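Please find below my comments on the model. They are set out as numbered points, each on one topic.

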Amino acid sequence: MSLAQQYTLAQAISQSGVGLHSGEITTVKILPATRGGRHFVRVDLPECPIITASCESVRSTTLSTELGNSDSASIRTVEHLLSALTAGGVSHARIEVNGPELPLLDGSAKPWSEAIAAAGLKEIEPQPSAPLNQEISVRQGDAFVMAIPSTETRFTYGIDFEVAAIGNQWHSWSPDEQNFITEIAPARTFTLASQIEALQKAGLIKGGSLDNAIVCSHSGWINPPLRFANEPARHKILDLVGDLSLLGTIPLAHYLAYKAGHHLHVELVRRISQTPTNSNV
Ligand SMILES: [Zn+2]
């Protein structure tokens, strides 16, 4: 499926679960919408504030992507659901959440992608998507993300970790050639055992467990089996697609990233959105 097509869900879907960082259990209800892009509604707050999934809404990129509006309503860890919606062709949806963070589910986008596929799609009037007309890149040290003009949309990601079980690994995915649901969505969040204590001390990952992330130590994976030999690199593509979805429509390009994360992903989104012909929001 082309990422430029415009659809909404044919019927509502719902999922509940614990948020990775807050540890709070929330329920998400995704309803069909014909306008407004992908937007979150905090139904637990007075007057149900709306938070649009756009780069202007980004509040934090520490460990996950957090969006907010001008009234300080926010929603955290949006990237996996946004990735599943975007790859599933859902360009407009009303995403109602009754708390501050989306549930992590199994740490992947698979439960979202399967629910979207089961609900089916309804076409909305298509909007033309401009291809990327120039190379745009952002970097920090030896990490970078770039968008390269191309005739096909493709995402290529490399990571390099000292722990041998991860090491240097790459993945390249084209939405036109390979199915998101089988190739990218199942790849789970990964973390290093050595970082868990520091994250917990910082008040983060209160909802983290061996059920919603794969954890790696110097002697290997703590909770195997992996779903793919290069599951971490595939998960980085999942995150990248979710963050690029903040553009509204992802321009036709080859997106190439190395050792990057949410911060650099969102910087690239800002740069692309500031390039006149590539603003599709
Ligand atoms: Zn992720």
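**Note on the predicted model**

1. H235 and D239 are four residues apart in helix α5 (residues 231-244) and are therefore separated by about one helical turn. Helices here are DSSP runs of H or I of at least four residues, and strands are runs of E of at least two, numbered from the N terminus. Both H235 and D239 are buried, meaning under 20% relative accessible area, with exposed over 50% and partly exposed in between (1.4 Å probe, protein chains only).

2. This is a predicted model, in which local features need pLDDT of at least 70 and side-chain atom pairs count only at pLDDT 80 or more, while totals for chains, interfaces and linings use all residues. Residues are numbered from 1 along each chain as its sequence is written, and side-chain values use heavy atoms, with hydrogens and water left out.

3. The zinc ion is coordinated by H80 (NE2), H235 (NE2), D239 (OD) and D239 (OD), at 2.1 to 2.7 Å. Donors are N, O and S atoms within 2.8 Å of the metal (3.2 Å for Na, K and Ca); water is not among the atoms, so sites may look incomplete. Along the chain, the donors follow the spacing H-x154-H-x3-D.

4. H80 is among the buried residues of helix α1. In α1 (residues 79-87), nine of nine residues are buried. The helix is followed by G89, whose phi is positive, near 90 degrees.

5. The structure holds six aromatic pairs. One of them, F155 with W173, is stacked, at 5.6 Å centre to centre and 20 degrees between the planes. Rings of Phe, Tyr and Trp (its six-membered ring) pair if their centres lie within 6.5 Å; planes under 30 degrees apart count as stacked, over 60 as edge-to-face and the rest as tilted. F155 lies in strand β13 (residues 154-160) and W173 in strand β14 (residues 168-173), so the pair ties together parts that are 18 residues apart in sequence. F155 is buried at 0% relative accessibility, and W173 is buried at 1%.

6. F161 and F190 form an edge-to-face pair, 5.7 Å centre to centre with 75 degrees between the planes. This pair links the loop between β13 and β14, which holds F161, to strand β15, which holds F190, 29 residues apart. F161 is partly exposed, with a relative accessible area of 27%, whereas F190 is buried, at 15%.

7. Ring pairs also link F155, W173, F180 and Y255 into a cluster.
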